[in-house]
Amino acid sequence: MSEASLGQSYRQIYRRRLAVLSVLVLALGLSFLVDVATGPSIFPLGELLRGLVDPSSLDQAKSVILWDVRLPYAIMAVLVGAALGLAGAEMQTVLNNPLASPFTLGISEAAAFGASLAIVFGVLFPVAIQTYTVPLFAFLTAFAACMIILALSRTFGAGAHAVILFGIALVFVFKALISLVQFVAEADALQQIVFWTMGSLGRATWEQLAIVTCVLIVCFPFSMRAVWMMTAMRSGEAQAASLGIPVERLRLVVLFRVSVLAGVAVAFAGSIGFIGLVGPHIARLALGEDHRLYLPGSALAGALILSLASIASKALIPGVVIPIGIVTALVGVPLFMTLIVRQRHRL
Amino acid sequence: MSEGLRIRDVSAGYGPRRVLHDITLPQLQPGTITAVVGPNAAGKSTFMKVLAGLLPSGGEIVLNGEAYLQRSPSARAKLVGYLPQSIPAGSGLLAYESVLGAYRMTSGSQDAEPVERVFRMLDLENVALRPVSELSGGKRQLVGLAQVLVREPRLLLLDEPTSALDLRWQIEVLRIVREAVEQRDAVALVCVHDINLAMRFCDMVAVLSEGRLLAAGPPSQAITSETLKTGWQVEARIENCSLGYPVVLADEPVRGETVVPMP
C-alpha cells in the first residue's frame, strides 16, 4: 500500500460510513412517517403531509388524532429510542462491556422505581412541579443505581460478566422495591405504575416531548465533545490514562449523563428494554467504533428500532396497541442472546 | 535542554501494600535505552506505571530538569509515551483509527502524515484498516507501539513490548525504539523478560527483585552470575558469543534456598 493510499483508503471508509449514517437518517424519517400514518385509521401520505404543514386542512377529528395522538406518540418513540441508544453506547464504552445498557444493568428498573415513588408520593409536592417530579425522581434513582454498579465494579475489580451479574441483582432489588410501592399505592397510582412496568408511549404529551428534547439537546453536544476521549477508551484504560484522559472523571460524567437520559426516557415511556443494547450494536456493525460516528449512529439506530417497534405494536393485532415494551422485549431477547453467544470470548 | 531522566528514592504501592522500595538509578542519558528486567512480580510494571504518572509515588523523578509528573495529565501526555503490558483484544476500532486517536488526543493536529509514517515504519500498512480485534497478539502489540511512537514522546515507557513478537520483530522493535530516542534525544525504558535481548540491544540494565533495585548499570556490570542467582534464583554462566557479546546460559534453579514463588 503506497504512502498516500493509506490515508485515502481510510477517508474512503469514513465517507462510506457517513453514507450509512445518512441511510439511517432516511430510514428513520420513513419509519416516522409510517408510524404517524398507521393506526386504527390510516392517513394517506398526501393527507398526512398536508396535515403536518397546514393543520387546518384536516377536519377537527383527524386534526386531533394527528396532532394530539399520533405525532406525540411517534416523536416520543424517536426521542426515547435516541436517548436509550446514546445512553447504551456511552455505557458500553466507559464500562468496557458490550452487554452494558440501562436495561441490562438495572438502571431502567431503578428509574421506574423512582418514577413510582414520585407517583405515589407525588401529592406531597406542589401541583406546579408535579410534571417534573417523575423524571427528577427517575433520574435520581437511575444515578444512584449507576453509582452502585460503579462502586461494586471497583471494589471487586469486576470483569464484564460480574458487572452484568451485579446488574441482574439490581434488577431484582428494584423490582422488589417497585412491588413494595405498588403494595402500598392507591388504586389510581397503582394503575400508573403498572403502565411504567410495561413500557408504553401511549401517554406522551407535548410538554413531556419538550422535556425529553431539552435533555437530548443538552446531553448530545457533551457526548460529541468527548468523542476522541471515548474513542481512546476503546484502546484500554491504561492507554487512555497515558493519553492524559481523566478516566475516572470521564466515567463519572458519562454515567451522570446516562442517568439523565435513561431517567427521562423511563419517566415518560416506562421500562423499555433492549434498545440501549441493540442500538449500539447495530451502530458498531455498520459504522465501527470511531465515536464520531458511533455515538450519533447509536442514537439513530435506537430511534429507528423504537420507531419500527411502535409501528409493530400497532400492526401485530389490528385495532389494538400493544405496550411497546412488550414488543421490544420479544424482539430484544433473541438479539440479546445472540450477542451473548457472539461476545462470549469477551466475557 | 536534554539532561535525561533522574530517578531517586522512588517508592510506590497499591493502597497500604508497598511494592517499590526506594529505587534509585544512575542518570539515564538522552538517546539511550534502559532495560528493566527482573523475575515475575519484581515490580517492573508498577515501576513503569509510576514513571507514566498512573500511580502515585514518593521520591524524585525528573526529566530534562523538570519534575514532569507535576504537570497536568494532558500536558504530561505530550512528553511521555506509555505502552501497557496488554492491549485489549476486543477493540472494534480499526488499527489506523486507534493510532489516529492517540495522535489527535496529544497533538490536536489534523495532519495524517505522522500516522501513515508510523504504520510504514512498523510494517503495519497491510493491517491498518482492519479492526484491532481481528489482529494477532503480535500485530496488536505493534499497533500499541505505534500509538506511542506517533506522539514522538521524550520519555518512552514500554512494558514488555516484545512479549508477543517473533525473533525478527523483537530485534526490529528495539532498533526502531533506538532510532526514535536517538533522533529526539529521548529516553526509553523497556521492560523485557529476555535478558540476552536486554544485554545485546540496551545501553543500561536495571534489575529489580521484590520491589527493590538489585543492580543497575551497563549490561555487563548489571547482569552477573551473582545477580542472576539472587534475583532469578538460578545458577547461570555469562559467556561471550562469537561476536563478543555476553550471553546468559542458565544451568539450573538454585537448590537448598528459598525460591521466589511464581505468581
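At what angle do helix H3 and helix H4 of chain B pack, and how far apart are their axes? In this predicted model, helix H3 (residues 95-107) of chain B packs against helix H4 (residues 113-121) of chain B at an angle of about 130 degrees, and the axes are 10 Å apart. The two helices H3(B) and H4(B) are therefore oblique to each other. The crossing in which H3(B) passes H4(B) is right-handed. On the H3(B) side the contact is made by B:Ala95, B:Tyr96, B:Val99, B:Leu100 and B:Tyr103, which meet B:Pro114, B:Val115, B:Glu116, B:Val118 and B:Phe119 in H4(B). By class, 9 of the residues in this contact of H3(B) with H4(B) are nonpolar, no residue is polar and 1 is charged.

A helix pair in chain A was described in the same terms. The axes of helix H8 (residues 206-225) of chain A and helix H13 (residues 291-315) of chain A come within 9 Å and cross at roughly 155 degrees. An angle over 145 degrees counts as roughly antiparallel, and H8(A) and H13(A) are therefore roughly antiparallel to each other. H8(A) passes H13(A) in a right-handed crossing. The contact of H8(A) with H13(A) comprises 4 nonpolar residues, 1 polar residue and 1 charged residue.

The contact between the chains was examined next. In chain A, 28 residues are in contact with 32 residues of chain B. About 2600 Å² is buried between chain A and chain B, and carbon and sulfur atoms give 64% of this area. Of the area that chain A buries against chain B, 25% is supplied by A:Leu6, A:Trp228 and A:Leu243, more than by any other three residues.

Side chains of opposite charge can pair when their charged atoms come close. Between chain A and chain B the count is 1 salt bridge. A:Arg17 forms a salt bridge with B:Glu97, with the closest N and O atoms 2.8 Å apart.

Over all chains, the structure holds 25 salt bridges. One of the salt bridges joins the side chains of A:Lys175 and A:Glu109, at 3.8 Å from N to O. A:Lys175 lies in helix H6 (residues 160-184) of chain A and A:Glu109 in helix H4 (residues 107-120) of chain A, so this pair ties together parts that are 66 residues apart in sequence.

Terms used. Residues numbered from 1 in each chain as written. Chains lettered and ligands numbered in written order. Predicted model: local features only at pLDDT ≥ 70, side-chain atom pairs only at ≥ 80, totals over all residues. Heavy atoms only, no water. Axes fitted to C-alpha atoms, helices over the stretch in contact; angles between N-to-C directions. Helix = DSSP H or I, 4+ residues; strand = E, 2+ residues; numbered from the N terminus. Parallel < 35°, antiparallel > 145°, perpendicular 65-115°, else oblique. Left-handed = near helix turned anticlockwise from the far one by under 90°. Nonpolar A, V, L, I, M, F, W, Y, C, P; charged D, E, K, R; others polar. Contact = heavy atoms within 4.5 Å. Buried area = accessible area lost by both parts, 1.4 Å probe. Salt bridge = Lys/Arg side-chain N within 4 Å of Asp/Glu carboxyl O.
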